[in-house]
Amino acid sequence: MKRIILIVAFALLAGAAVHLAGDASAPQGPAVSFAKAITVISPLLYPSSLAAGDLNHSGIPGLAVVSADNNAPLVYALGKGNGRFRHRRQNNNVGYAPGFVLLADVEGAGNLDAITTDIGAGDLNVAFGDGKGHLYGGKRLLVDGVESTYIVAVADLNGDGIPDIVGTTNNGIFVILGKGSRKFGDTLMFDSGGQYPYGIAAGDLNHDGIPDLVVANNGGDQPPYGYNVAVLLGKGDGTFEKPVRYEAGVRPWDLVLGDFNRDGNLDLAVTGPDSPNTVHVLLGNGDGTFGPAKAYRAGLFPISIVAADFNGDGKLDLAVANYTNPMPCHVSVMLGNGDGTFQPPVQFRVGVSPAQLVVADFNKDGKPDIATINGGGSTISILLNTTQFPTQPASHPH
C-alpha cells in the first residue's frame, strides 16, 4: 500500500514536458471527438478503481467502483443508455482496502461477476452476478505469503474451459485456477521478473492457443531498481515459463495488449508516471517476443491506458489518463496509423487527477466511450464519443 501512495504522490508533482517528434508523414485517419465530460460525484470517497460491464444482459454497460479508503464497499449501478446510471447498489463483501475491481465471468455461467483485490491484505473477493443486475454474496480467496494484491485478469490458463484468475502482488504473480461451481484451487506463485509488479494482461502471444502473460514491474526504491516489462509464456497447465524482460521506459505501471500494426500479432503499449510524458509501444513478433520499445507523446503523467478504435477507421487507438493536479486534467487519445505508430495526443477535459479509465459503449451508438475515476475530487467522468465514423466501417486486411 505504501508503494502505491508513493507513486500517486509523485504523479501529482509538476514536471517539465519532454517533447518528442511526431511522425508528420504518417497517414492521417478521421479525427476524433468527444462531448463535454459528464462528471458526477463518486459514490465513494477517493475512488481507487472502476470497471464497466453489462450486468443484466441489456446491451448497456453499467459501472462498478471501489475505494481503498476505510473498508468501503463495492458500489455498482446499471446504465441508462445515455452516459448516466441508475440507482446505486452495493456489496459489502470486499477486503480491507479494495484497490482494484474487474467485471468478468469468473463462474463460467455467462454472467459478469466482480473481483476485487486488496492492497491491505493478501486476498481477493469475488461477488457473483445473477445476470439481472445484482452482485450477490462474496467468496474470499487467500493469496498466501503476500501483503497486497493489485491487478487481476481472467483467462482459461489450463485449457479446461473454466475461467482462472491471475494477478499481481507486492512480490510476484499469482494464479488461482477455477474448478467450476464457484470453487477454486490453491494459489500458485510465479516470479514476475522484476520488483513490485503492478499492471498485468493475458493474451496469446505466440499463436499456440495458450494464454501468455505480460506484466509491468514498477521497480524498487533502491538499486537495483528492477523495473521492466516481462513476458511469461504459458505452458497450458496454468504454469508459465521463466520471465523474459524488456525495457519499456522508467518504472512501468500499466499496460494493454492489442494488434496495433494489423499483422495478426499482439503488440504492447505501456505507461508509467515516472516516464512523465510518454507511452512506450513494443510490436509483437508473433512468437512470444517483442521488438524494441518506441516512445510516443501521451500528455503529462500517463498512468492508465486502454486500446480501442475511437474513430472507426479500423485501426486501434490508445487512450491514457493524464494523472495531473491542479486542473486542467485530461484524457489523451492517440490515434493509431495502423502500422504500429501513433499520432500526437488529442486531449479531452475530465475531473481532477484521472487515475484509471475504462472503455465501453455507454450510450449504445456503436462507438467506444471512456469513463474515468478522478481521485483529486472524488468524481467519475464519462466522455461520450461524438466522432463522425466512416459510412462504411473500415475492415482489417486479413
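Arg251 lies in the loop between strand S17 (244-246) and strand S18 (254-258); helices (H or I, at least four residues) and strands (E, at least two) are DSSP runs, numbered from the N terminus. Arg251 is buried, with a relative accessible area of 13%; buried means under 20% relative accessible area, exposed means over 50%, and partly exposed lies in between (1.4 Å probe, protein chains only). The model is predicted, so local features need pLDDT of at least 70 and side-chain atom pairs count only at pLDDT 80 or more, while totals for chains, interfaces and linings use all residues. Residues are numbered from 1 along each chain as its sequence is written, and side-chain values use heavy atoms, with hydrogens and water left out.

**Backbone geometry**

- Most residues other than glycine have a negative phi, and most peptide bonds are trans.
- Arg251 has a positive phi of about 50 degrees, although it is not a glycine.
- Arg182 also belongs to this topic: its phi is near 65 degrees, a positive value in a residue other than glycine.
- The loop between strand S12 (172-180) and strand S13 (183-190) holds Arg182, and this residue is partly exposed, with a relative accessible area of 37%.
- Pro223 and Pro224 are joined by a cis peptide bond, with omega about -10 degrees.
- Pro224 is found in the loop between strand S15 (212-217) and strand S16 (228-232).

**Aromatic rings**

- Rings of Phe, Tyr and Trp (its six-membered ring) pair if their centres lie within 6.5 Å; planes under 30 degrees apart count as stacked, over 60 as edge-to-face and the rest as tilted.
- By this rule the count comes to 9 aromatic pairs.
- One of them is the edge-to-face pair of Phe34 and Phe348, at 4.9 Å centre to centre with 70 degrees between the planes.
- Phe34 lies in the loop between helix H1 (2-12) and strand S1 (38-41) and Phe348 in strand S25 (residues 346-350), so this pair ties together parts that are 314 residues apart in sequence.
- Phe34 and Phe348 are both buried.
- The ring centres of Tyr150 and Tyr198 are 5.5 Å apart and the planes stand at 45 degrees, so this pair is tilted.
- Tyr150 in strand S10 (residues 149-155) and Tyr198 in strand S14 (residues 197-203) are 48 residues apart, and their pair links distant parts of the chain.
- Tyr150 is buried, with a relative accessible area of 5%, and Tyr198 is buried at 14%.
- Phe34, Phe310 and Phe348 are linked into a cluster by ring pairs.
- Arg182 lies over the face of Phe128, at 4.2 Å from the ring centre; a charge sits over a ring if NZ of Lys or CZ of Arg is within 6 Å of the ring centre and within 35 degrees of the ring normal.

**An open sheet**

- In the order S6-S7-S8-S9, 4 strands form an open sheet with antiparallel pairing; two strands pair if DSSP finds at least two bridges between them.
- Strand S6 (101-104) and strand S9 (135-142) stand at the edges with a single partner strand each, so one side of each is left without a neighbour in the sheet.
- Strand S8 (residues 123-129) and S9 pair in the antiparallel sense over 6 bridges, and Gly129 stands opposite Leu135 in S9.

**Nonpolar cores and contacts**

- A nonpolar core is a set of buried Ala, Val, Leu, Ile, Met, Phe, Trp, Tyr and Cys residues joined through side-chain atoms within 4.5 Å.
- The largest nonpolar core has 53 residues, and those with the most contacts inside it are Leu124, Ile165, Phe310, Val333 and Ile370.
- Apart from this core lies another, of 15 residues, among them Ile38, Val358, Ile373 and Leu384.
- Not counting residues up to four places away in sequence, Ile370 touches residues including Phe34, Phe310, Val333 and Val358; contact means heavy atoms within 4.5 Å.
- Val65, in strand S3 (residues 62-67), is buried, with a relative accessible area of 4%.
- Beyond four places away in sequence, the residues that Val65 touches include Ser42, Pro43, Leu74 and Ile373.
- The C-alpha atoms of Val65 and Leu335, 270 residues apart along the chain, are separated by 28 Å.
- Thr324 lies in the loop between strand S23 (317-322) and strand S24 (329-334) and is buried, with a relative accessible area of 10%.
- Leu300, Phe301, Cys329, Val352 and Ser353 are touched by Thr324, not counting residues up to four places away in sequence.
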